[in-house]
2 protein chains.
Amino acid sequence: MNDSSSSRIEAGLRNWIATAAPGARLPSTRELVARHQASPVTVQHALRMLTARGLIESRPGVGTFVRAVRTVRTADYGWQTAALRSFPARVDSLSTALRSASNDVIALHAGYPDRELLPERLVRSALARAARTDAALARPPAAGLPELQTWFANELGAVTPAGITPPTPSDAIVLPGSQSGLSSVFRALVGVGQPLLMESPTYWGAILAARQAGALVVPVPGGPAGPDPGQLERAFRETAARVFYAQPNYANPTGAQWPTALHEQVLQVVREHGAFLVEDDWAHDFGITSAPTPVAAHDDAGHVVYLRSLTKSVSPAIRVAAVIARGPARERLLADRGAESMYVSGLLQAAALDVVTQPAWHSHLRGLRQQLGTRRDLLVAALREHAPQAELGVVPAGGLNLWVRLPDGTDVHQLAYDCEKAGLIIAPGTEWFPAEPTGSFVRLNYAGPSPAAFPAGARLLGRALANGPGR
Amino acid sequence: MNDSSSSRIEAGLRNWIATAAPGARLPSTRELVARHQASPVTVQHALRMLTARGLIESRPGVGTFVRAVRTVRTADYGWQTAALRSFPARVDSLSTALRSASNDVIALHAGYPDRELLPERLVRSALARAARTDAALARPPAAGLPELQTWFANELGAVTPAGITPPTPSDAIVLPGSQSGLSSVFRALVGVGQPLLMESPTYWGAILAARQAGALVVPVPGGPAGPDPGQLERAFRETAARVFYAQPNYANPTGAQWPTALHEQVLQVVREHGAFLVEDDWAHDFGITSAPTPVAAHDDAGHVVYLRSLTKSVSPAIRVAAVIARGPARERLLADRGAESMYVSGLLQAAALDVVTQPAWHSHLRGLRQQLGTRRDLLVAALREHAPQAELGVVPAGGLNLWVRLPDGTDVHQLAYDCEKAGLIIAPGTEWFPAEPTGSFVRLNYAGPSPAAFPAGARLLGRALANGPGR
């Protein structure tokens, strides 16, 4: 089945339906196959989507018909305006990074790796195995399957130097994805109306979670080599914040990796202020020319709350992550997870553990590292050749993204619109700033579909930058 | 493998380890098999659990050893006390209903149906099928798979009377379990410091979610036939609340089902106050002598926010539920879900849809209804015979629980403790009251393991009631 021809057929039929009478009969599948030169499976998929949207209904053995809409009147939900009141922390719509795109555009906006970068065979067999075990029918403990807690704790323990107590399995709480972890951390450790320091720019999902938790976000400038400890110190002092959110390895969006010396400097500031460092190690499996080095490995006094996810490296369907925290902070987090979702599907936990404990997982990660390197270099070269106006501060040593600065005054939303008309989707950099952006940026993902189209994408970007109005 | 012998071996080894030196070698698997008269699989399971708890470590080809603890000092997390501040809404630990129990006790405390009541074959084959499709590797839309949204909307649409506009598929938002739905509803529609009316007694998970959201819970007395509309009216008037949480069908814990006339009366009060009714239809698949009738079917003006879960009837591993809401309320909920978890595993959604669209699902539900009826009647008869002090207000027409009133002055926590010593686990009723309990209650679940043990369980309860101190 071809996704883009299915969308094409669906769009065509939508137009047809818009002018048809309720109850009108659609052309038969055979006619649609002939008219659109598509397979019956593709046509049927389009029909299923239209059924799901409530536009048509099929009567088996009779045919498919434009749905006679049962709406007897337009509902007025105006009364809800008063009931809902204005929202204390307005939560915006989802980011560009979550948009899905059809196959006929060049997509550099995505937040997730393309399917060809996922361990497909491992995922399918792990899920099939888990479906045959207890995990398909049992309820796991609230903190997670003990074996999976152990795996997460051991991953961090393996890089913990001598003299530092490594985390225990019970310090790890399994989460249904790291977004849920961010929400819980900000709710449980920061709270409504309290200050929260965040690197800026930073992950849009973390900004969203912070707003949802009602935290007062205080940006700390990031820079190509991580935050300046002096600036961080001042922010703690001025705001009396107790929590600092950061991504020390391959930060999203900038790609920055903290130099080793900065780990201890930041920890020092955090300790002095009796505060938490929330370390989001989202790209742990995406090192290219360096290895990720968690700051959490250097702390055993409970100052670092460490988030590690498997969703992006294993499969978007296996939403499994963990937060490692010690002391009362862990209790707060566990209580928040209990109230929020009680437990994480044991099937997904068993499948995740199966994948990451297979010998083939390590060879997959080695291959992934190479593929990401090739893709990154291809996009960097394409930009340098075809979009010289785009300035690349850092060629990241890992992660999935390039963070590109555009000439001052570039209207990035207009640019994104112009690019999309020409067949290229990019993510405006504004989404990664908790406050006003400090320049014109776009984030380009080199882990998306069709790396062969990177040169063409860079050419479209270069052309839009050269020709576009308002720049 | 036998769970209880595995636990027994584990407990034995724990005692052994407690007095052994770090690095001491454990008896071989063969010796343990002989000593405990258990299978090698059972012994290995016990060893895996001890490994997961960090108590032992195995060196392949050498043996298994008491883990040399790497802790060099006891950590002092006292500094966190200041950083965490006191908690605005203290979130308690999880309920008795989530405790797991070994096979050698009689368990009447559980919140979930026993495995023999689940459609095991359907679940396993649906998961195996989903593992082979796109769902194993793709990211679904934030609101859910369109086909599953359609199924949830159609379920409610099918009982919507003529003249009322049924919900559309896009009114349904797929959730990773209904607990997440409760959290989102209270966060998005009530908010910090705002009043929230709740039936009392009511589902402990809803109380927990309300506290986490910082809502001000205002109890409205429930009663065997639902809340009194006059009391509800007064509560709305006095508090200016805009949200009322209720379970009109087979309420947990009381088992009450609202009479049909009450549907319109409550809707009337809710409309007059420009408010929302949050209808938790948790037991939709658990009707016994009546059919569940959602209040939501009588509203198309967006007053009812409707929660329906599949976790308890399909499998605890398939954490899938949906909230159906219309108008701006739906937008608020979708934004909250995005910030909280972005999307629900497409694999679990595909598997859930597969199960509930199989013809065998309907025959499963018919069988389930019979089994629940038999179990309910067995427990009711056993209580009447062996624990006449326990007073059963309502024999519920559906759901999983009996709500039992004990003689005034009974200390239910002492009673639960006495029962547990004698081999019976029950859930003290206090957990279902948002404020002080109005009497001594226990909740007894008739959907747990071993219905054959119900008479023995009732006998233990009757004896504890007759002999226990402090009553």
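A salt bridge here is a side-chain nitrogen of Lys or Arg within 4 Å of a carboxyl oxygen of Asp or Glu. Keep that in mind as you look at this predicted model, where six salt bridges are counted between chain B and chain A.

**Stop 1: one salt bridge**

Select B:Arg337 and A:Glu340 and show their side chains. The two meet in a salt bridge, with 3.3 Å from N to O. Polar contacts also join the chains: 40 residue pairs, both members at pLDDT 80 or more, are in polar contact between chain B and chain A.

**Stop 2: the side of chain B that touches chain A**

Now color the helices of chain B. Coloring by class, you will find 52 nonpolar, 24 polar and 21 charged residues on the side of chain B that touches chain A.

**Stop 3: the whole contact**

Zoom out and show both chains. The contact takes 97 residues from chain A and 97 residues from chain B. Between them, the two chains bury about 8300 Å², and 56% of that is on carbon and sulfur atoms.

**Stop 4: two helices that cross**

Next, select α7 of chain A, residues 178–190, together with α11(B). Their axes are 5 Å apart and the helices pack at an angle of about 95 degrees, which means that α7(A) is roughly perpendicular to α11(B). To see who meets whom, show A:Gln179, A:Ser180, A:Ser183 and A:Arg187 on the α7(A) side, and B:Gly338, B:Ala339, B:Glu340 and B:Ser341 on the α11(B) side. By class, the residues of this contact are one nonpolar, five polar and two charged.

**Stop 5: backbone details in the loops**

Most residues other than glycine have a negative phi, and most peptide bonds are trans.

- Select A:Pro201, in the loop between β5 (195–200) and α8 (204–212) of chain A.
- Move to B:Pro253, in the loop between β7 (243–246) and α10 (260–272) of chain B. From B:Asn252 to B:Pro253 the peptide bond is cis, with omega near 15 degrees.
- Finish at A:Gln37, in the loop between α2 (29–36) and α3 (40–52) of chain A. Although A:Gln37 is not a glycine, its phi is positive, about 50 degrees.

Technical notes:
Residues numbered from 1 in each chain as written. Chains lettered and ligands numbered in written order. Predicted model: local features only at pLDDT ≥ 70, side-chain atom pairs only at ≥ 80, totals over all residues. Heavy atoms only, no water. Contact = heavy atoms within 4.5 Å. Buried area = accessible area lost by both parts, 1.4 Å probe. Polar contact = N/O pair within 3.5 Å; in protein donor to acceptor, adjacent residues only side chain to side chain. Nonpolar A, V, L, I, M, F, W, Y, C, P; charged D, E, K, R; others polar. Axes fitted to C-alpha atoms, helices over the stretch in contact; angles between N-to-C directions. Helix = DSSP H or I, 4+ residues; strand = E, 2+ residues; numbered from the N terminus. Parallel < 35°, antiparallel > 145°, perpendicular 65-115°, else oblique.
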